Amino acid sequence: MSNNSSTMNGNSDRILIPVEDVCLFCGNQRLLRTSWTDPNPGRRFLGCTKAGCKGFDWVDPPMCRRAVQIIPGLLRKTNKLEIEVAKSRAKERKMKMYLAATWIIFAGVVFGNKVFAF
C-alpha cells in the first residue's frame, strides 16, 4: 500500500483508506470499490483495474450476520421502487404532453373560428 491515505472517522474506529494503491500481482492501480453481493453488501474493497487480476483486499471488516440477511432485501426493494418512480415520471411526462396537445387543439377550435369569421 502507498503511504498516501485518507482517514475516515467512525464512532471510535479509524479506517485508513489508501488514496493510491498498487496491485502486488500485476503493478496496476487498485481502486476503492463497494461490493453489492448478497454475502458482502456495502462492504468496501480494493480491486485491481486489470481484468482477470486477483489483486484484491477488503477495506471494511465483515458485517454481522443479521446485516448480511437484511441489506440485500432492502436493496432489492429500493431498486424496485426506483424503477416504479422512473415509470411514473415517464407516464407523468406523457400525460403533460397530452394535456398540452388538448389545450392547443381546444384553443385552435375556439379561436380559429373567430379569426376566419371576417
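Of the 118 residues in the chain, 17% are buried, where buried means under 20% relative accessible area, exposed means over 50%, and partly exposed covers the range in between (1.4 Å probe, protein chains only). The model is predicted, so local features need pLDDT of at least 70 and side-chain atom pairs count only at pLDDT 80 or more, while totals for chains, interfaces and linings use all residues. Residues are numbered from 1 along each chain as its sequence is written, and side-chain values use heavy atoms, with hydrogens and water left out.

The accessible surface of the chain comes to about 9,800 Å², as given by the Shrake-Rupley method with a 1.4 Å probe, where for residues only the protein chains shown count as cover. Carbon and sulfur atoms hold 61% of this surface.

Helix 1 spans residues 65-115 and includes T78. A polar atom of the T78 side chain lies 2.9 Å from the backbone oxygen of L74. T78 counts as partly exposed because its relative accessibility is 38%.

The structure holds zero disulfides, a disulfide being a pair of cysteine sulfur atoms within 2.5 Å. For C26, the closest cysteine sulfur is that of C48, and at 3.4 Å it is too far for a bond. C26 is partly exposed because its relative accessible area is 28%, and C64 is partly exposed at 48%.

Terms used
Helices (H or I, at least four residues) and strands (E, at least two) are DSSP runs, numbered from the N terminus. A polar contact is a pair of N or O atoms within 3.5 Å; within protein, one must be able to donate a hydrogen and the other to accept it, and residues adjacent in sequence count only if both atoms are side-chain atoms.
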